Amino acid sequence: MGIQAADLARWWHLAPFGQAVIDEQGMILQINRTLGDWLDAPMRRLIDQPASELFTPEARMLYLGLLAYRVAEHGEAGEVHLTLRVKGGEPMPVLCSARLILHRGASLTLLSMLSIARKDRLERELLEARQATQRALAEKSAALAELEALHDTLSAQRAALEQANQRLGQEALSDALTGLPNRRRFDQVLDQALGQRLKEAPLAGQVGPFSVAMLDIDHFKPVNDRHGHAAGDRVLQRLGELLTCQLRGDDLAARIGGEEFGLLMPGTDGAAARCALERLRHAVEARPLEGLAITLSIGVTQYRAGDTRETLMQRADDALYAAKRAGRNRIASD
């Protein structure tokens with residue numbers, strides 16, 4: 001029996017997976033009916049919208065910084081835990097996979113989403129299997145071996161599911177390329193530090209200092225242009241390793257995005273932070289990464305009473321750009 005194109009299109013719309021086709025600019029070209037039903041939105045309203053808008057604000061950074069990055073670099077990405085933004089309902093957790101496809105000279109992305117409702121289904125199956133095991137043991141001892149095998153299989157599925165959940169949790173808070181914490185984790189720790197200051201202030205009358213720094217690799221684009229993105233990735237990885245080696249005590253280094261890194265320095269005032277960062281800057285300058293001479297521009301600021309995450313990060317970012325304007329390979333403070 002021949003299969004017509006219309007049949008394939010209809011089956012695509014009826015697939016149990018939510019699917020979308022995305023163009024090179026990250027805009028939605030087409031979605032299937034399953035995804036439209038999940039989102040409770042007419043399919044035509046989603047066409048020509050940024051694919052990142054399918055997800056909750058918290059999940060967009062992970063979509064853009066991890067899934068889209070992997071597709072751009074490796075041609076595919078698998079099992080990234082994201083959350084769909086559902087109109088008028090609870091956000092919907094999904095496992096996303098994507099693959100780059102070439103169509104008529106254009107590079108398109110096929111994005112596929114699986115509802116993690118299967119986790120609940122597996123747990124229900126495990127409970128039902130246990131109940132069936134108890135009934136079978138009471139009715140017929142000859143079924144013991146078969147039921148034990150079923151129990152082992154389901155236990156293995158549960159262990160695999162727990163491992164997958166742990167891996168997804170780690171991916172959500174770490175940068176896939178460097179292994180450092182990502183922007184989401186950096187923001188969490190910074191918010192915790194700010195919250196602790198609010199608790200301590202009424203009791204102690206004053207709070208201990210801490211500083212925040214933004215680091216950027218100077219002239220990183222030419223590294224990619226001249227030596228390729230693989231070499232650029234290795235430079236980022238080596239810098240991540242160097243940052244880890246140079247960390248002091250409770251310092252936290254994270255990859256904020258691209259060639260930009262953040263550093264949270266508890267118990268450190270502005271002067272002490274500049275000293276530590278100067279040592280880091282010299283260490284990077286003195287040690288070629290992947291055979292390439294690399295330097296850093298650094299902006300640093302110290303916590304001030306009443307600061308929020310936004311005000312701290314803005315001052316550190318302003319200081320970073322001041323360091324760049326002053327000639328790069330240097331430290332500037334606000």
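Residues are numbered from 1 along each chain as its sequence is written. In this predicted model local features need pLDDT of at least 70 and side-chain atom pairs count only at pLDDT 80 or more, while totals for chains, interfaces and linings use all residues, and side-chain values use heavy atoms, with hydrogens and water left out.

Begin with the protein chain coloured by secondary structure, where there are 11 helices and 10 strands (DSSP runs, H or I of at least four residues for helices and E of at least two for strands, numbered from the N terminus). Of its 334 residues, 40% count as buried, that is, under 20% relative accessible area with a 1.4 Å probe, protein chains only.

Next select α9 (residues 229–246) together with α10 (residues 270–286), which pack at an angle of about 140° with their axes 11 Å apart; axes are lines fitted to C-alpha atoms over the stretch in contact, and angles run from 0 to 180 degrees between N-to-C directions. Show side chains for Leu239, Leu242, Leu243 and Gln246 of α9 and for Leu280, Ala283 and Val284 of α10, which make the contact (heavy atoms within 4.5 Å).

Then move to Asp48, in the loop between α3 (43–46) and α4 (57–74), where phi is positive, about 65°, although Asp48 is not a glycine. Asp48 is exposed, at a relative accessible area of 53%, the cut-off for exposed being over 50%.

Finish at Asn329, in the loop between α11 (309–325) and β10 (331–333); Asn329 is likewise not a glycine, yet has a positive phi of about 50°.
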